[in-house]
Amino acid sequence: MSNQHLPSLAPSLVGEWIVLASEQEFVQQQQIKTRLDGHNLTIQQDIIHAEKVYQIRFDALDIAPSDIAVQAAYGFVWLCIGTEKKPLFQLQEYDVAAARRVPCGAYGVRTSPLRGIENFLDMAHFPYVHTGILGAEPETAVKPYQVEWREEVDEIWATECFFTQPLAAPSSPQPQETEYVYRVASPLNAILYKVNTAAEGIIPADVVCLFIQPLSETHIRAHLLMILDDQTSSITDMVLFQQKIFTQDKPILENHLPLKLPLEKLEIPTKADALATAYRKWLIAKNWSYGVHQNTQREHVA
């Protein structure tokens, strides 16, 4: 089926699996209202044969039900309009019974979806934005790491990423050199694997997920999920740890101009930006245009 008959949604978003809500939002209600690309919509939860079923209805966007696919996965509700470009990514750690699955809420940020992902991929800001937690002076250098495009799954991965951190996780007993693996599963979804030296080996690494809901090209809801091998910290402490990290990032994102992400050479990358550079090249190869800054463009914040 062609997606060309869906002109009312931004072309880059058609065929993508996009997060719309956490299933936690339905604990005390069956219906919630939210937004995608400036279009208001309603998500309805029903229980059919003991299974949770979700339906989505746009207020003013005329899309046939046959062009709307919905699924619940990893504790979130996902939408795909039109023919999917590829299936929703796999997250095997979520199914490990002894791992702790920790939804950390959704955060509104006045930035582009692509800026949100790129900030998540950046290690260089750790000592300056997350001082005393994810980094600290004088250990500010980003060591060389490997970046690859895994064509068989169409994902960008960065491996052999190491950074010295004063408090890598709530359960960390002391500063450590932390190993990271970054995975960009789709243009709006990124996953971080973080080796926790205090863990018990239930999963190979702690997992931190950032799922972006584009309210508009310059306004997002950032949904956070952690899957942790931490059997000692309370849920509250784990959530507060991640919330603190994100609230430190938010003002940086909202003051980063232009809000949309330039894919051409408006910003000069360094060696530490190898992953961000690969992400931008990947977006260019996809002809991705949503949330992309054009040099002649004057930004409108929605």
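1. Ala 73 stands opposite Phe 76, a residue of β6. Strands here are DSSP runs of E with at least two residues, numbered from the N terminus. The model is predicted, so local features need pLDDT of at least 70 and side-chain atom pairs count only at pLDDT 80 or more, while totals for chains, interfaces and linings use all residues. Residues are numbered from 1 along each chain as its sequence is written, and side-chain values use heavy atoms, with hydrogens and water left out.

2. β5 and β6 run antiparallel and are joined by six bridges. Two strands count as paired if DSSP finds at least two bridges between them. In general, strands of a sheet pair through backbone hydrogen bonds, either parallel or antiparallel.

3. β6 sits between β1 and β5 in an open sheet of three strands, with antiparallel pairing. The edge strands, β1 (18-22) and β5 (68-73), each pair on one side only. On average, neighbouring strands of this sheet are turned by 25° against each other, direction ignored. For such angles, axes are lines fitted to C-alpha atoms, and the values run from 0 to 180 degrees between N-to-C directions.

4. The structure holds eleven aromatic pairs. Rings of Phe, Tyr and Trp (its six-membered ring) pair if their centres lie within 6.5 Å; planes under 30 degrees apart are stacked, over 60 edge-to-face, and the rest tilted. Phe 76 and Phe 211 form an edge-to-face pair, with 5.3 Å centre to centre and 85° between the planes. Because Phe 76 lies in strand β6 (residues 76-81) and Phe 211 in strand β12 (residues 206-216), this pair ties together parts that are 135 residues apart in sequence.

5. Phe 76 is buried, with a relative accessible area of 2%, and Phe 211 is buried too, at 0%. Buried means under 20% relative accessible area, exposed over 50%, and partly exposed in between (1.4 Å probe, protein chains only).

6. Tyr 180 and Tyr 182 form a stacked pair, 5.7 Å centre to centre with 15° between the planes. Tyr 180 is buried, with a relative accessible area of 1%; Tyr 182 is buried, with a value of 1%.

7. One aromatic cluster is formed by Tyr 74, Phe 76, Trp 78, Phe 89, Tyr 94 and Phe 211. Arg 101 lies over the face of Tyr 94, at 5.1 Å from the ring centre. A charge sits over a ring if NZ of Lys or CZ of Arg is within 6 Å of the ring centre and within 35 degrees of the ring normal. Arg 150 lies over the face of Trp 157, at 4.0 Å from the ring centre.

How values were computed
Helix = DSSP H or I, 4+ residues; strand = E, 2+ residues; numbered from the N terminus.
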